[in-house]
Amino acid sequence: MTNKADKNQRIGLIAMLAVCAILVFAGDPIYNALARNKEAAKAALNDGSYTSEIELEDGSKSIVNMTLEGGDVKNVSWDVENADGSLKSDLSKAGQYVMTETGLKWHEQSELLSKYVVDNNTDENIAINEEGKIDGEIDGLSGVSIDIKDFKNGIDDCFNQAASNS
């Protein structure tokens, strides 16, 4: 029995060493290829200011604005314009739109999301669940509890505009 366990341990060790060797020798070319793809994707984006307006079922409108310079995201903002023309961020700042007494206000959450996209130059790492909320823990987005599917859709729309704008 011991010999079989020793043999399995040796096989496991050899397999781990083989994987490590592959990563050491192939890791740099793989990293460089991924970096080239990222740079190519960045170069495919046209500088400019882009706006996405998504009509919502309740008559309001989700508005995302994004500015790109040199393929980098320089500015992002997200707001919701209610059917009466008022902005959710203004109502939140004035204390007229209160979601919770203890957590971040709506406008603070919107600002965190926008900052995250600027800092990371993407929204790709923000996964959302079926409720439209952030799925899992993401550094820099602690406290964001609002439905962000319209934000994500708006960011994606702005990136698509930047990629297709000639």
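I148 touches W78, L113, I126, I128, G132 and I134, leaving aside residues up to four places away in sequence. A touch, or contact, is heavy atoms within 4.5 Å. The model is predicted: local features need pLDDT of at least 70, side-chain atom pairs count only at pLDDT 80 or more, and totals for chains, interfaces and linings use all residues. Residues are numbered from 1 along each chain as its sequence is written, and side-chain values use heavy atoms, without hydrogens or water.

I148 is among the residues with the most contacts inside the largest nonpolar core, which has 26 residues. Such a core joins buried Ala, Val, Leu, Ile, Met, Phe, Trp, Tyr and Cys through side-chain atoms within 4.5 Å. Buried means under 20% relative accessible area (1.4 Å probe, protein chains only). The largest share, 5 residues, comes from α4.

## Strand β2

Strands here are DSSP E runs of at least two residues, and helices are H or I runs of at least four. In β2, 7 of the 9 residues are buried, so the rest of the structure largely encloses this strand.

Antiparallel pairing links β2 to β1 through 8 bridges and to β3 through 9; pairing requires at least two DSSP bridges. V64 partners S52 and also W78.

## D79 in β3

D79 sits in β3. D79 is buried without a salt bridge; K93, the nearest side chain of opposite charge, is 6.9 Å away. A salt bridge needs a Lys or Arg side-chain nitrogen within 4 Å of an Asp or Glu carboxyl oxygen. The backbone nitrogen of K88 lies 3.4 Å from a polar atom of the D79 side chain.

Terms used:
Buried < 20%, exposed > 50% of the residue type's maximum accessible area, 1.4 Å probe, protein only. Lys, Arg positive; Asp, Glu negative; His and termini not counted. Polar contact = N/O pair within 3.5 Å; in protein donor to acceptor, adjacent residues only side chain to side chain.
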